[in-house]
Structures are given as structure tokens and as C-alpha cells.
Amino acid sequence: MEHAIELRDVRKTFGPKVAVDGVSLVVPRGAIYGVIGPSGAGKTTCIRMIMAILFPDSGALSVLGRASALDAKDRIGYLPEERGVYRKMRVGAFLTYIAQLKGLSHQIAAARVPDLLERVGLKGTEKTACDELSKGMLQRVQFVGAMLHQPDLLILDEPFSGLDPVSVRLLREEVLRAHARGATILLSTHIMAYAEELCDHVFMIHEGRKVLDQPMSGLRRQFDRRRILFEPLHDGADVSGIAAMPDVSRVEASNGGGYTVTLVEGAEPSLAVARIAALVPPARLEIARLRLEDVFVRIVAGGGGLDDAAAALRSRLQSGAVEEARA
Amino acid sequence: MSPRKIALVAGREFMAAVTNKGFLIGILIMPVMFSVLVVAMPRLMTASARQQVRGEVAVIDPTGRVAPALRDTLSVAAIEARRERFIARAMQDVAGSPGEAAVRNQQNVARVSGATPEFHLVDRPAPADLAAEKRWLTAPPAGDLRPLALVVVQPDALQPAPGQTKYGSYDLFVPPNTDERLENEVRDGLQDAIVKGRLAARQLDASDVEAMTTVTRPPSTTVGAVERRTSVGFNRFVPFVFVGLIVFGVMIGAQTLMTSTVEEKSSRVIEVLLSAVSPLELMAGKVLGQMAVSLLVLALYIGIGVLMLTSFAMIGLLDPWLVFYLVLFFLITYFLFASAFGAIGAAVNEMREAQALVTPVMLVLMVPWLMAAPVAREPNSTFAIALSFIPPMNTLAMMIRMASTSPPPIWQVWATIGVGLAAACAVTWIAAKIFRVGLLMYGKPPNFATLLRWARQS
């Protein structure tokens, strides 16, 4: 089956600045793909090239089996990072216009608008002029604009930034609904929690280069084997015994009455877990999982010695990327 | 290129422009008010005169010869003949032959001048009591005829007093609130009657004298391959009106196009649009939408012109082919300038930045204004012919020449159209490239060198 998006060694420069440098990416159909990276990393440039709003200097790409998104625009829903509406237009008219540009008939577009507006918490705003809405409301209006024509590919550039938690939840449900319908989703965000929760694959770009391209399941399976999260069953339990254990290097209290136990180099975490459980009855006891945020921070920090594992992961991913590019 | 998407963009562009309050007030209300005025004016002018005025004119005539002549010159038939002569002369001054036929029509004469008044002359034997006669003017009328005027002919009106060379005249007394036109009718009648009386006093025949003093003024004939009769006056200002209409229409469309593009860019809606349409589709839609706006305005103004000419019974003066070429030349000029303005709109971040780039383009659009007078004076000079083939002035120069007294040969007209179309296509092609690159460029405002670099890049 053809991929929803495929980028092969794509490069884009703006004058002397290299915005995207030899990035390759394959998004299978039906996936929820997260694009993460710090500000100015090249995420939006990548997305604009996928949308054929910008064109790469070199490299090749295909979108929904076509050489350019221009040939598949009506099958793509796009929420750009820069939010924009016709301020004087009414919400209903604006959304109907956008949906018509995406190939829907006026009747179908007009019929879908009220329902979708209600689902994102904007019931009854069809007749309201766009400039009377708050920034968050406009963002949801634009989100509806990207969804109305039920696209096969949904590209969302920072869809949740600046939204309140209730709105985030409503939009997230809509994204999942589109995914359940069979749509492929490409989601750019710098809020790691959302990427972690929604995406089944994560792609990270930093300084124009790909630095991470991995399924979330694989990332979740990776554990920080030297850290154990521990929460005693009883309040005020004495944890000095844990600190005295030979394979423990330190015990730090964390927020919420728990502790982070760091093991010495070479210690076997499973044995340490058993010993801790024997010493102090636990309410919660687990080997720390690697969080996407940790990976992100460590990669962006540039291997400043925060964590050896992250550095190793980084070098492994980079070499993987090189191999992939060679292939 | 999807025609459906282009039509959608054009439709939105048109609706956004014509439903804008500024547009409605500035572009539509003014001409509508003007046309109401134009239609209403002749009717207002003749409204009071529409009701036929019937009344008495008292004459104190010591000469005894003016009053009988006045009875003749103030008759309904004489008044109508005078009016017809006056309008025919006025039309000849303005236009020459085409309008004359139109105004010879009795209905038109009546429409322009109002109903013919009916004067009943009442002789007052001289010497009369002037004070009593003045009181008669202001007293309530006894019957259905109201007093309209009191004429006192001076004794030396027909023959100068002994030892004098100067003729006497008359005194005219009218009741308050007398219509000036009514007064003028009496004066015109008096003028004719007194002149006739003076001629008779010298044993001269009035019709002979009139025939001897009348020299018909024919329109001049332009000598060339095809000899044609040309009319001056009306045709002298037609070229300027037409060029004005083209420039005005282009300015409205192109300026609004630029403003709306800058707005789309600054409100960041442009990226949403570009996810649905290609830059070329967007530009095509916008250019066509604004073209419709300009055509609407142009149609409105042409409509007012036609209404005005019809209202003053001068529609015969307008050559319909000129209107056809006006629209055609407008379209060519519009495409050339609109795409340039659109590209500028796409290149800048806000209207303030656009000014630096727009000023030279505006100057180019204004050049024909400066050239209009010399081209109109000598429409077939080498200068005028050369200008007809240099875009973007070509269409405007040709418009002036075509509306002038000696229009150019038809091959030159079509050559101008060809050159104009080629220039419009070339400018649109370059503008489309700048448009595409400029739309997503933010930051430092570009100059012309940057625009050219973008055009080369894309």
C-alpha cells in the first residue's frame, strides 16, 4: 500500500539559512504521526513543503500517492500554525467557503458546519462575525475548517497551543474520530504530553535535521534502568534502609510523597525492586519509563552530559538516519 | 487550474468588495445620487412649467404698433417656433447633425422646455395710470386668467427721438414670484415685436432681413482616405471622459485587489487558502472578482452617462462602438495593472509598505492624462500613433484617438489591442511568479530588485 506521505532527502534553504537539511520521512496510511522539535527546527517548513505551499530545493516527496499535494489538496485537511480568518466574514460563511474550496458543494458544507461547530464547543456561532470571537475560539473555527471535508490526510500544525484543557479535549476527540474513520494524521506539536498520548509514531526534527523517527511503542518500551519510582504505602514510612542498600546511589523525595531511587552503575533493577518492596511496603513501585519529554530535552540539550542513555539514543538514531538516507 | 475554485475565489472577492460600506458609500451612493439628480433635474426644471400657464399681459403702447406685433409674437405657435429654433441652434453648437433630428421631435422640445404658456394681450390706452395698472398686477384675478405682466413700451422704442441715435426700449412689471422662464418668454416676444416694428418703420421686410443675416454653420469635413463629417464640442470632451472612466475603473479594481491581498496576508488567512487553491488559482480568482467589481462601477457610470444623454435628448451623439471599445480597452488595461497591484499586495506585509512600490505604477497609469491633450489635438501625429503601441499607455492613447474628430484606421485599433493583450499576458505571468513567492514572505519589505529576483527564482 502506498504511503500517505513520503519525503526523500528533502532540503530547503532560505538565503543562507538551511531550514530543512536532507530530511526523509515515511508516514504510513492510517497512522497518527507526531512531528516534534523546538521552535525554528524546521517543522513548519517541512509541513509547508508537504502541502506544496513551499517547494524543496532538492529531494522528492509524495503525498497520498501524488507527486505534489497540489494534486490532492481536496483530500487534505490543513490547520496551519499561523491562524487566520476573514475577520469581517461570519463563521458559517467562512467555513462554508473554505469547504467549498476543498470541493464540497455549498449544501453539504452548510449542512455539516453546525454539527461540527457544536462538537468543538462553538454551538450557535455560525452567524457571528469572526472578529467577534476570542483567539481560542478562532483556533477551533479553523480546526473545523480543516475537518469539514472529511480529509484522508489531516495535517495539524500546533493544534492545541493556547487552548484551554476543555477545548484540547474536544479537539483531541475529533482527531481520534477522524483517525477512526481511517484518516492519516500528521500532528506537529511541542507539547510532549499530547504527542505521547495521541501519536503512534514520533518524528523529531532539530536544526533542520531528523534526530528521531520511532514508533511510540518502541519508545515506551525503553526504560531508564537506573531509576526506580517508589511511593510507600504508609505516610511517614522510614526509607533510610533503602538509601543504605549497596546498589543504591541516592534517594530523592519527589512531589506527592514519592521517591526516586537511583541505582549504582551495573546494578540489577529487578533485584533492587524486590529488596525495596521487602524493606518498605510500597503503594507504587516501578522502573522509570523514558518519557518523550526527557528524550526531547536531552536531544535539544545537545548531549550535555545529562544522561548517557540519551546520548547513546541520539547517536544511534542519527546513524540510523544516515543509513536510511544511504539506502 | 480549477475553474470552479477560481469562480469561488472571484465570487467571494466580488461580494466582499461590493458589500463593504466604504464601497457602497464611495462608489455607488454618489453616482446613484448624481443620476437621481440628472433624471430629476430636467423634470424639476419643467415641473412648474408642465402645467400650462394662462394669463393676461397688459400692454401700454404709445407707439400703437408694438402691441399688435406682440399679439403675434406671443402666440402659442410663435413661442413654440422660437423654442425649437433655440434648441436646434444650441445642439448645432454642441454636436452637429446627430442630435438635431432628435430634438426636432416636438415631444422632446416639450420635455426640455415645458408646456407652452398662453398669453392673452390686453391693450391699455396710453397714457394710462401706471399706479393703477401695477395694482392690477397684484390684485386677485377676476376670472380664470391671472395677470402675468405689465409692459410699458417707451415712445421711442421704434424710432429714436429727434436728434438721438439710440432706440428706446420698454419697462416690464411682473407680480411677485413670477417664474423667470415666463418672464423670458415675454421678453423674447417683445424683442421680436419691437425689431419687427423698427424694420417696418424703415420699410424693411423682417423675413428678408432674417434671411440676409442668417449664415448656416456646417460641421467641418475632415479630408483623408475617407472623408467624414466631424462634429466638435461634444466630441471634444468624450475622449477625456472615456480615458477617465478607464483609469477610474482600473484604479478601483487594482487598488481593492492589492488591499484585499495585503489583508489576507496580514491576517494570515493566506495559508489556509493556499492549502485549498494554488497561488495561480487564487490570483486568477481575485483578479476576476475585482474585474467584476470594476465592470459594475463602469456599467454604473456608463449607465448614468446614457441616462444623462437620454434625459437631455442627446443620446444620438453617442457611438455604441465607442462603448464597446471602452470596455475592451478597460479590460486590457485592467489585467495589466491588476496583476501588478496584486503582486505588490502579495509582496508586502502591510499597506504602508505598499506605497513605495505602488507610486511608480500609479505614475505610469497617470501618464496618459498628461498625454491626453496633445493626442486629442493631433490624433494622427507620429507621437500619437507611436503612443498607441507602447503599453501600458497604448489603450488609453487609442481611446483618445478613436473618440477624437479623426479616428484612426481600424488596423491600428486592432494592433493596439494585440500589443495590449501581449503586454497584459507578460505582466500577469511575471506578477504570478512574484505573487507565489511573495505570499508567504514576511519580514523586510521588498524593493523592485527583490521582486525581480523572486520572479527569476520561481
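1. **Basis.** This is a predicted model: local features need pLDDT of at least 70, side-chain atom pairs count only at pLDDT 80 or more, and totals for chains, interfaces and linings use all residues. Residues are numbered from 1 along each chain as its sequence is written, chains are lettered from A and ligands numbered from 1 in the order in which they are written, and side-chain values use heavy atoms, without hydrogens and water.

2. **Aromatic pairs.** Rings of Phe, Tyr and Trp (its six-membered ring) pair if their centres lie within 6.5 Å; planes under 30 degrees apart are stacked, over 60 edge-to-face, the rest tilted.

3. **Y334(B) and F335(B).** Their ring centres are 5.7 Å apart and their planes meet at 65 degrees, so this pair is edge-to-face. Y334(B) is buried, at 0% relative accessibility. F335(B) is partly exposed, at 28%. (Buried is under 20% relative accessible area, exposed over 50%, partly exposed in between; 1.4 Å probe, protein chains only.)

4. **A cluster in chain B.** W321(B), F324(B), Y325(B), F329(B) and W414(B) make up one aromatic cluster.

5. **Charges over rings.** The rule asks for NZ of Lys or CZ of Arg within 6 Å of the ring centre and within 35 degrees of the ring normal. K433(B) lies over the face of W429(B), 4.7 Å from the ring centre. R12(B) lies over the face of Y97(A), at 6.0 Å.

6. **R172(A).** This residue is buried, because its relative accessibility is 15%. Leaving out residues up to four places away in sequence, R172(A) touches F160(A), Y194(A), E197(A) and L198(A) (contact: heavy atoms within 4.5 Å).
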